[in-house]
Amino acid sequence: MNQVLSFWLVQNLSGNNTLTLLLKRTEEGFPTSGNDRERVFTLKWQTKEKAVEFVVSSIGLVSVIVLLLIGFFLFKEAFQIFYKAGALQVIFGSAWYPTYDPPSFGMWPLIMGTLAVTLITAIMAIPLGLGTAVYIAEVANHRVKEFLKPLIEMLASFPSVVLAFFGMVVIAPILSNWLSPILSEKLPELLKSTNIPFISTTLADFCYDKLFIASGLNISTAALMLMVRAIPVISSIAEDALTAVPRTYREASYSLGADKWETIWKVVIPASVSGLSVAVILGIGTIIGETMIVLMVAGGAAVVPHWIFDAARPMPAAIAAEMAEAPYQSLHYHALFGVGAILFLITFVLSLISDFISKKYRAVRIGEKV
Amino acid sequence: MQDTESIHKPFMLVRKKRFNLKQGFFLSLIRMLGFAGAITLFVILFFVAYNGIHVLSWEFITQPPVDAMTKGGIFPVIIGTVALTVFCMIIIIPIGVTTAIFLSEYAKPGLILNMVMMSIYTLAGVPSVVFGLFGLAVFVVAFNFGMSLLAGSLTLAIMVLPYIISTSEEAIKAVPNSFKEASFACGATKWQTIRKVVLPTAMPGILTGSILGTAKVSGETAPIMFTAAAFFTPGVPQSLFEPVMALPYHIYVLATAGTHIEETRPIQYGTALTLIVLVLGMNLLGIILRSRQRKKKAW
Amino acid sequence: MVNDKSIFTINDFSIYYGNFKAVNNIKLPIEANKITAIIGPSGCGKTTLLRSLNRMNDLITTSRVEGQVLFQGVDIYHKDTDVIELRRRVGMVFQKPNPFPSSVYENVAYGPKLKGIKKKSQLDEIVENALVRADLWKEVRDKLNESGLSLSGGQMQRLCIARSLAQEPEVILFDEPTSALDPISTANIENLLQQLQKTVTIIIVTHNMQQAARISEYTAFMYLGEMIEFGETDTIFVNPHNKLTEEYITGRFG
C-alpha cells in the first residue's frame with residue numbers, strides 16, 4: 001500500500017514538485033549568495049501559497065455574501081409594502097385582495113394557510129419520519145437497510161411538481177368523488193339507523209356537515225403530499241442522529257438485560273433527542289417552504305381555513321401564483337416580496353434554532369470523550 | 001439434558017418463549033412505519049409509469065410541441081432542462097468545491113468559519129420560491145438578464161450551493177491524513193498537496209455529490225418560475241439570454257393553466273415520466289457510484 | 001467436568017465470525033465466587049470468549065458458535081434460553097467506561113426499572129446499595145442528579161460497576177476494565193473487585209499480567225484462539241507448564 005502510494009505521489013507531484021523546482025532553478029543558476037538564494041526561493045512559492053490562500057478564502061465567503069444579498073434584496077423590495085401600508089396592517093390584515101381597486105394586502109390568510117397545512121402535515125410526517133429512521137437505524141437488518149436507504153434518498157429528490165401532479169389527478173378525485181360520499185352520506189345514514197342517542201343525532205350531523213369534501217384540492221390533500229416530501233428529510237437527519245449514538249450505550253443496555261425496544265426507547269432515543277429535534281425542525285422548515293404542492297393542491301383560496309377540508313393559499317403558493325401577473329415595482333410586486341421576506345425570516349429562525357441545538361449537542365458529544 | 005437439570009435451578013433461566021407484548025407491538029409498528037415511505041415512492045412511480053409509458057416514444061422526446069401544445073413532443077422542454085442544469089453545474093461546482101477546500105483545509109476556527117458555516121446551513125433551509133424571488137430581483141432585474149437561461153441557471157446554482165459544498169467537504173475530509181503527510185514529506189507545498197493529492201483522491205466523491213446535486217436541480221420548479229421558464233418557445237434556446245421551457249414547469253403549466261387541461265393529460269403524464277426517469281436515473285447513478293466507492297475504498 | 005463449585009462450564013466451545021474461527025475448542029471451568037483472569041496477547045480471542053458468556057456476541061450478526069457453555073448447568077446457547085434473563089444474571093463492564101448520558105441515579109436505576117420496579121423508595125434503596133457496594137456512594141451521594149458523564153474516569157467505571165450490581169448478578173464479566181484508567185483509579189477498581197468476589201463471581205479479561213497476578217485466583221492463558229493453559233494463578237505465573245505461557249509471562253512476546 002505504502003509503496004503504491006509513494007509511487008503515485010511521485011507521479012502526481014512530478015509536474016511541479018520541489019525537486020523539479022530545484023532542478024529548474026539549478027539550470028537557471030542560483031543567485032550567488034546562499035542567503036539570497038534561500039530568500040528568493042522561499043519568497044517565490046510563499047507568495048504563490050499566499051495568493052492561493054487569498055483566492056480560496058475569498059471564494060469561501062461567497063455563501064456568506066449570497067445570504068446577505070438574499071436578505072438585502074428581499075427586504076429592499078419588501079420595504080415599500082410594509083412602509084406604505086403599515087407593517088401590522090399587512091401582517092395581521094385579514095383581506096388579501098391584491099388586484100382589487102383599491103387593493104388590500106392583508107397577509108393573515110396566507111400565514112394561517114401555511115400554519116394549517118404545516119400543522120396537519122407535521123402530525124402525520126413526524127411520527128412516520130422518526131419511525132422510518134428508527135426502523136432503518138435500529139431494527140432493519142443489513143440487507144433491508146441497504147435497500148431502504150437509497151429509496152428514501154430517492155424519495156427526497158423526487159420532483160415536488162410530480163408529487164403535486166399526483167395529488168391533483170389521483171388523491172383529490174379520490175377524496176371528493178369517493179371518500180366524501182362515504183363519509184358524509186353513507187356514514188350518517190348508517191349512524192342514524194342505529195337509533196342510539198348522540199350517535200344517531202349529533203355524530204351523524206357532524207359527519208354530514210363536516211366530512212363533506214366539496215373539492216379534493218384542500219389543505220388535507222396538500223398535507224398528504226407534503227408529508228411525502230417531509231418524511232425523507234426528517235428520517236435521514238434523524239437516522240444520522242440515531243447512528244451517532246455510541247455503540248457502548250447499546251452494549252451497556254443489552255448487558256443489563258434490556259430488550260431491543262427498551263434499549264431503543266430508554267437509551268438510544270434519549271441520547272439522540274437533540275439530533276431528533278433538529279430533524280423535526282428542519283422537516284417543518286421543508287414543509288413551510290415547499291411551493292409546488294401547496295400551489296397546485298391546496299385549493300388556492302386566500303382565506304383563513306377553518307376546517308381540514310377547506311382550501312387555502314399558503315405563502316409560497318401566493319408568491320408563485322401571483323408573481324407572474326404582478327406588474328414590476330407595483331405594490332402587489334412588493335407585497336409578494338413581503339411574503340417572501342416573512343417566509344425567509346421563518347426559515348432563518350428555524351435554521352438558527354436547529355444550529356443552536358446541534359452545536360449544544362456536539363458539545364455534549366465532545367464532553368463525553370473525556 | 002440441560003432442560004431437565006434446569007428445572008431444579010433456583011432461577012428460571014429457561015423459558016419456552018419470552019412473550020413480550022410491548023416489544024412485539026412497538027417493533028412491528030416501527031416496521032410498518034419504516035416501509036411507508038418506500039411504498040409511497042413505489043405507488044407514485046407505478047402510477048406515473050402506468051399512465052405515461054404509452055405516451056413515451058422516440059417522436060415524443062425528439063419533436064417540438066404543436067397545436068397549442070396539445071400534440072407533438074417535448075424536445076425543447078428536455079433541452080431546456082438539460083441546459084439549465086448543465087449551466088448551473090458549470091457555474092457552481094468550481095465555487096462549491098473551492099468553498100469546501102476553504103472549509104476543510106484553510107479556514108481556522110473563529111468568527112469567519114462560523115459565519116461561513118452558518119450561512120451554508122441557513123442557505124440550505126431557504127425555501128426554493130425565495131431563491132426564485134432573489135433571482136428575479138437580482139439576475140432578471142438588477143443585472144438585466146431578463147427571463148433567461150442564464151438567470152435561471154444562476155438562481156438554481158445558488159440554491160444547490162450548500163449541497164455541493166457539503167458533499168465536497170465530506171469527500172475532502174475523507175482523504176486520510178497520512179496521504180497529506182506523505183505529500184508534505186515529499187516537499188510539496190500546501191496548495192500542491194491539495195491539487196495533486198487531496199482533490200484527485202476526493203474527486204470520485206465530489207463527482208458523485210455533483211451528480212446527486214444535478215438530480216435535485218433538474219426537478220426544481222419554483223426557482224425558475226420567474227427567472228427562466230417560458231410557457232412556450234418555438235424551438236430550442238439559441239442563446240443564454242433567451243427564456244427556456246423546462247420539464248417541471250411544463251408539467252405545472254399543462255396541468256393547471258391553459259384551456260386544454262384534459263386534452264393534454266397524456267402529455268402531462270409523459271412529461272412527468274420523462275422528468276422522473278431523468279431525476280431518479282441520475283439519483284440512482286449517484287447512489288450506485290457512491291456505494292461502489294465506499295466498497296472500493298482501501299484506506 | 002461439572003463440579004459443584006463451577007458456575008460456568010465451557011465445553012469444546014468455538015466461535016466463528018463468518019469463516020474466521022476466533023475461538024477454537026475451548027474447555028474452561030469457572031469457579032463461583034472467585035476471580036478468574038483471562039490473559040493473552042491482543043487478538044487472541046479473550047474478549048470474544050468473554051462476550052460469549054452473556055451472549056453479547058449475538059449482536060454481531062455474522063457470529064456463530066459451536067459447543068457448549070453451561071451456566072449453572074444450563075446451556076446458554078440452547079434455543080430456549082432466555083437471553084434477557086441471562087444478561088441480567090451475568091452482567092458486564094466494558095473497556096471504556098460507558099455510562100448513559102443521564103444522571104448517576106438514572107444510570108444505576110436503569111436495570112431495576114427495566115425489571116418493572118417503579119416504587120421510588122425501593123429504587124432509592126437499590127441505587128444506594130449498589131453504589132455502596134461499588135464503593136462510590138461516599139463520592140456521589142450529593143450529586144446523584146448530576147450527569148454520569150461529569151464524573152472522573154475511575155468514578156465512571158465504578159458507576160458502570162454499580163449499574164451492573166443493581167441487577168444483583170451472579171457473575172460480572174470485566175473486559176479490560178482498567179485499560180482506560182490512571183494507576184490510582186486502577187488500584188481502586190482492583191480493591192473493589194477483591195471485595196466483590198465474596199458475593200459475585202468475577203471473570204476479567206486483562207492485558208496487564210501484573211493485574212491478573214495481583215487479583216485473580218485462577219488464570220487462563222489464550223493464544224490465537226486456543227486455550228494454552230489454565231490453572232491457579234500462582235502456578236501459572238510461577239511454574240507454567242507450557243512453553244508459550246512462560247514466554248508470554250516473562251514478556252518475550254505480546
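Let me begin with helix α6 of chain B, where 13 of the 15 residues are buried, so that this helix is largely enclosed by the rest of the structure. Please keep in mind throughout that what we are looking at is a predicted model. The helix covers residues 128–142 of chain B, and from its first C-alpha to its last it reaches 20 Å, which is close to the 21 Å expected at 1.5 Å a residue. Along the way α6(B) bends by about 35°, and the residue at which this bend is found is G135(B). Just after α6(B) comes N144(B), whose phi is positive, at about 60°.

In chain A, Q329(A), which is not a glycine, has a positive phi near 65°. You will find Q329(A) in the loop that runs between α15 (315–322) and α16 (331–367) of chain A, and with a relative accessible area of 36% this residue is partly exposed. In chain C there is E168(C), again not a glycine, with a positive phi of about 50°, and its place is the loop between α6 (153–165) and β7 (171–175) of that chain.

Now let me turn to where chain A and chain C meet. Between them these two chains bury about 1,800 Å², 66% of it on carbon and sulfur atoms. On the side of chain A, E251(A), S255(A) and L256(A) lose the most area to chain C, and together they account for 34% of what that side buries. As for the residues involved, 18 from chain A and 22 from chain C take part in the contact.

How many salt bridges are counted between chain A and chain C? The count is 1, and in a salt bridge the side chains of R51(C) and E251(A) meet at 2.7 Å, N to O.

Is T263(A) buried or exposed? At 1% relative accessibility, T263(A) counts as buried. Its side chain is joined to that of S253(A) by a polar contact of 3.0 Å, and, leaving aside residues up to four places away in sequence, the residues that T263(A) touches include R250(A), Y254(A) and, from the other chain, Y110(C).

Methods:
Residues are numbered from 1 along each chain as its sequence is written. Chains are lettered from A and ligands numbered from 1 in the order in which they are written. This is a predicted model: local features need pLDDT of at least 70, side-chain atom pairs count only at pLDDT 80 or more; totals for chains, interfaces and linings use all residues. Side-chain values use heavy atoms; hydrogens and water are left out. Helices (H or I, at least four residues) and strands (E, at least two) are DSSP runs, numbered from the N terminus. The expected span of a helix is 1.5 Å times one less than its number of residues. The bend at a residue is the angle between axes fitted to the seven residues ending there and the seven starting there. Buried means under 20% relative accessible area, exposed over 50%, partly exposed in between (1.4 Å probe, protein chains only). A polar contact is a pair of N or O atoms within 3.5 Å; within protein, one must be able to donate a hydrogen and the other to accept it, and residues adjacent in sequence count only if both atoms are side-chain atoms. Contact means heavy atoms within 4.5 Å. Buried area is the accessible area (1.4 Å probe) that two parts lose on being put together, summed over both. A salt bridge is a side-chain nitrogen of Lys or Arg within 4 Å of a carboxyl oxygen of Asp or Glu.
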